[in-house]
Amino acid sequence: MTGENPAAPRTQLNRLCRDMVAYDHGDPRRIQHFIKVHAFAKLIAEGEGLDAHTRLVLEAAAYLHDIGIHRAEVERGDCGGKNQEELGPAEAEPLLEKDGFVPEDIRRICFLIGHHHTYAGVDGPDWQILLEADMLVNLYEDGVSEKAVRAGLERVFKTETGRELCRQMFLEPRADLQESVNF
């Protein structure tokens with residue numbers, strides 16, 4: 001998308017988001033999930049200084065990362081991470097084509113969807129940030145223990161922005177509120 005109007009990628013991402021809401025219609029929990037993952041991915045990417053093109057690819061992948069869930073439930077009766085990774089890219093490709101993503105970006109976005117639960121072999125900041133954004137949301141949505149948060153922080157988080165967000169969200173309660181609020 002180089003050489004285009006700077007508003008064009010945002011318009012393209014907004015269209016993709018609306019298409020994903022339509023794809024997941026009637027499933028507000030999953031819609032809320034991908035919106036939150038996108039927001040954290042964008043925040044981390046900006047905090048880490050990612051270039052505009054890498055952010056575009058990352059943000060698209062964040063919207064679509066769980067697109068394989070419904071197909072996995074229907075075809076396999078199991079929406080676990082590996083099934084999402086296997087089935088998601090084929091579901092995502094037509095939406096990406098419809099919304100005008102170029103073939104090389106479609107390949108990378110589909111790769112990221114196909115690896116958003118794979119923590120080994122991370123080959124770029126877009127993949128790393130997608131893992132971190134999804135983990136931030138999953139830690140909250142799953143209501144995990146402090147021990148699990150600390151394990152995730154050690155195992156998954158590599159960017160300084162992601163690590164800081166994780167610590168602030170889950171491990172560092174505000175001292176000024178501790179007296180007036182029961183945590």
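**Helices and buried residues in the predicted model**

In this predicted model, Gly-100 has a positive phi of about 80°.

Helix α5 itself covers residues 81-98, which makes 18 residues. From first C-alpha to last, α5 reaches 26 Å. That is close to the 26 Å expected at 1.5 Å a residue. Even so, α5 has a kink of about 40° at Gly-88.

Helix α3 (residues 52-64) packs against helix α7 (residues 125-142). Their axes come within 10 Å and cross at roughly 35°. The crossing of α3 and α7 is right-handed. On the α3 side, the contact is made by Thr-54, Val-57, Leu-58, Ala-61 and Ala-62. Asp-126, Ile-129 and Leu-130 supply the α7 side. Of the residues in this contact, six are nonpolar, one is polar and one is charged.

Ala-41 lies in α2. Is Ala-41 buried or exposed? Ala-41 counts as buried because its relative accessible area is 0%, and the cut-off for burial is under 20%. Leaving aside neighbours within four places in sequence, Ala-41 is in contact with Leu-58, Ala-62, Ile-129 and Ala-133. Among these partners, Leu-58 and Ala-62 also belong to the α3 side of the contact with α7, and Ile-129 belongs to the α7 side. Tyr-23 is 18 residues from Ala-41 in sequence. In space, the two C-alpha atoms are 21 Å apart.

His-33 is also found in helix α2. His-33 has a relative accessible area of 7%, so this residue is buried too. Not counting residues up to four places away in sequence, His-33 touches His-65, Asp-66, Asp-134, Val-137, Asn-138 and Glu-141. Arg-163 is 130 residues from His-33 in sequence. Their C-alpha atoms are 20 Å apart in space.

Helix α9 (residues 160-171) has twelve residues. Its end C-alpha atoms are 15 Å apart, which agrees with the 16 Å that α9 should span at 1.5 Å a residue. Thr-161, Gly-162, Leu-165, Cys-166 and Leu-171 are buried in α9. The cover over these buried residues includes α2, α7 and α8 (146-155).

How values were computed. Residues are numbered from 1 along each chain as its sequence is written. This is a predicted model: local features need pLDDT of at least 70, side-chain atom pairs count only at pLDDT 80 or more; totals for chains, interfaces and linings use all residues. Side-chain values use heavy atoms; hydrogens and water are left out. Helices (H or I, at least four residues) and strands (E, at least two) are DSSP runs, numbered from the N terminus. The expected span of a helix is 1.5 Å times one less than its number of residues. The bend at a residue is the angle between axes fitted to the seven residues ending there and the seven starting there. Axes are lines fitted to C-alpha atoms, for helices over the stretch in contact, and angles run from 0 to 180 degrees between N-to-C directions. A crossing is left-handed if the near helix is turned anticlockwise from the far one by less than a right angle, and right-handed if clockwise. Contact means heavy atoms within 4.5 Å. Ala, Val, Leu, Ile, Met, Phe, Trp, Tyr, Cys and Pro count as nonpolar, Asp, Glu, Lys and Arg as charged, and the others, Gly among them, as polar. Buried means under 20% relative accessible area, exposed over 50%, partly exposed in between (1.4 Å probe, protein chains only).
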